[in-house]
Amino acid sequence: MSVQTSHPILHPTLLESGPLALAHSQDSRPEQTALEIAQRAVLNILEDFAAEKSDLQLGQRATLNIFEDFEAEKSRMAGAQRAALNILEDFTVEKTLLQAAQRSALNILDDFSAEKAHLHETQRAVLNILDDFDQENVKVQRANAQLEKEITDRQRAEEETQRANKELLAANRELEAFSYSVSHDLRAPLRSIDGFSQALLEDHADQLDSSAKDHLQRVRLATQRMSVLIDDLLNLSRVTRTPMRWERLDLSALARSIAEEVQKADPTRHVEFVIADDLVAEGDWRLLRVVMENLLGNAWKYTSAHERARIEFGASQHNGRRAFFVRDDGAGFDPRYADRLFGAFQRLHGPNEFPGSGIGLATVQRIVRRHGGEVWAQGAVERGATFYFTL
Amino acid sequence: MPNQAILLVEDNPDDEALTLRALRKNNIKNDVVVAHDGVEALDYLFGTANHAGRDPNLIPQVVLLDLKLPKLDGLEVLRRLRADERTKLLPVVILTSSNEEQDRLKGYDLGANSYVRKPVDFNQFIEAVRQLGLYWLILNERPPLRRA
């Protein structure tokens with residue numbers, strides 16, 4: 001755009017005739033004055049024109065500025081448009097993303113339904129468990145009540161046991177007093193009967209015929225048998241009364257010492273003792289000595305009718321347990337009566353065959369049972385006997 | 001004192017008679033003093049009550065002491081004898097019916113010198129008395145006397 005500098009009102013012809021017209025008016029005063037006025041008017045116009053020109057220039061510049069501004073706006077607008085396009089593009093991407101998000105949200109919702117179903121199942125299961133728990137609780141409460149009852153019962157049973165124990169101790173003390181009295185008082189009259197029978201036989205022999213003497217001898221024998229019976233009975237009761245003292249025992253050595261004793265008591269007999277070495281057991285020394293004395297003593301006694309005899313002490317296995325045994329080749333016994341062997345006062349032989357009170361094996365059985373063991377016998381008439389015991 | 005006494009402490013008259021018979025059968029000629037209960041035995045030994053005036057320095061050769069006695073039993077008599085200076089060393093033989101372990105244990109515990117069980121068989125009883133006489137009256141040297 002070009003800037004026009006010529007004013008449309010200022011025609012060049014007018015400009016040339018202006019100073020001329022002024023010259024004309026200076027010739028004459030009135031005319032001069034009019035000229036001056038016109039001059040001034042032209043000058044004013046010119047001034048106004050200059051002002052107008054300046055205004056116009058300003059307006060031109062403003063218009064130019066506006067055009068410039070418009071260009072800038074246009075450029076900005078293009079930028080905005082591009083940005084808008086970019087935004088639209090971005091929006092498409094967003095839309096895709098959104099759709100994906102929506103899909104995944106739907107999936108999640110699907111999953112959530114499944115979860116919800118699971119949750120229901122879990123809830124039902126939990127409810128079932130709670131039901132079960134309730135039932136269990138009832139059971140536990142019932143069991144608790146039962147337990148409490150059992151505890152009470154047990155306490156009652158314990159009290160009962162303690163009472164029974166006290167009674168037992170009292171009974172035991174009484175038994176002890178009884179045994180003590182028996183051992184002192186029952187024997188004294190026997191001594192009198194035997195002693196004075198003997199005194200009669202000695203002091204009045206000349207007044208007694210053979211039959212009277214025989215009667216007195218029978219009286220004496222009976223008192224002596226009774227004395228043995230009392231002693232055996234006392235021993236039998238002592239076996240259960242005396243407290244046990246557990247220790248390790250060499251039964252082989254014990255058997256040898258008893259064998260020596262019985263041989264010394266009757267050195268005329270020919271009896272071979274075969275005693276196994278190192279048979280060791282746990283038990284009460286005094287009580288097991290009574291067992292061994294009885295079994296070896298019996299073997300000695302019941303082989304006495306034989307010219308020669310063999311008595312054996314050893315050990316063998318029976319149902320996985322070690323059993324000690326005393327074996328002889330003497331009179332033996334009828335196995336039909338084997339169960340009577342261990343009863344008190346039970347005898348399988350008459351006193352004329354073999355003497356005895358019938359308490360020895362009962363004592364053996366008591367002692368063996370006190371040790372937690374068993375005793376049994378095998379034998380046949382005239383073919384010997386074997387007595388086994390476990391501890 | 002050539003013939004020192006035997007003190008027999010025995011309440012049963014049958015046993016007393018049989019013991020005296022057994023001593024006689026064995027030709028034991030010592031005097032035999034019989035006390036019928038524990039109190040009488042102590043009175044004799046210490047010269048008190050019925051035996052007041054008896055010289056307690058005359059100590060028997062041996063005491064044959066039964067255990068079951070009226071008033072004071074044999075073990076209590078033994079305890080008192082051992083507690084007294086005069087009879088502390090006096091030989092005491094317990095001669096009794098029982099062989100109860102508790103009797104034997106207490107008897108020896110209290111200082112008995114022997115414990116003999118009276119056998120029922122009178123011949124065995126005579127033999128026991130014979131051996132007792134032989135040992136306590138002949139073989140054994142008694143302790144020196146402590147005069148009161």
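Helix 6 of chain A, which spans residues 360–370, is mostly covered, since nine of its 11 residues are buried. Here a residue is buried if 20 or more other C-beta atoms, placed from the backbone, lie within 10 Å of its own, and helices (H or I, at least four residues) and strands (E, at least two) are DSSP runs numbered from the N terminus. This is a predicted model, in which local features need pLDDT of at least 70 and side-chain atom pairs count only at pLDDT 80 or more, while totals for chains, interfaces and linings use all residues. Residues are numbered from 1 along each chain as its sequence is written, and chains are lettered from A in the order in which they are written.

Among the buried residues of helix 6 are A:Leu361, A:Val364 and A:Ile367. The elements of chain A against which the buried residues of this helix pack are listed below.

| Element of chain A | Residues |
|---|---|
| Helix 3 | 210–241 |
| Helix 5 | 285–302 |
| Strand 6 | 375–379 |
| Strand 7 | 385–389 |

After helix 6 comes A:Gly372, with a positive phi near 80 degrees.

Leaving aside neighbours within four places in sequence, A:Ala255 is in contact (C-beta atoms within 7 Å) with A:Ile275, A:Met292, A:Leu296 and A:Phe313.

Conventions: A residue is buried if 20 or more other C-beta atoms lie within 10 Å of its own, exposed if 12 or fewer, and partly exposed in between; C-beta atoms are placed from the backbone. Two residues are in contact if their C-beta atoms, placed from the backbone, lie within 7 Å.
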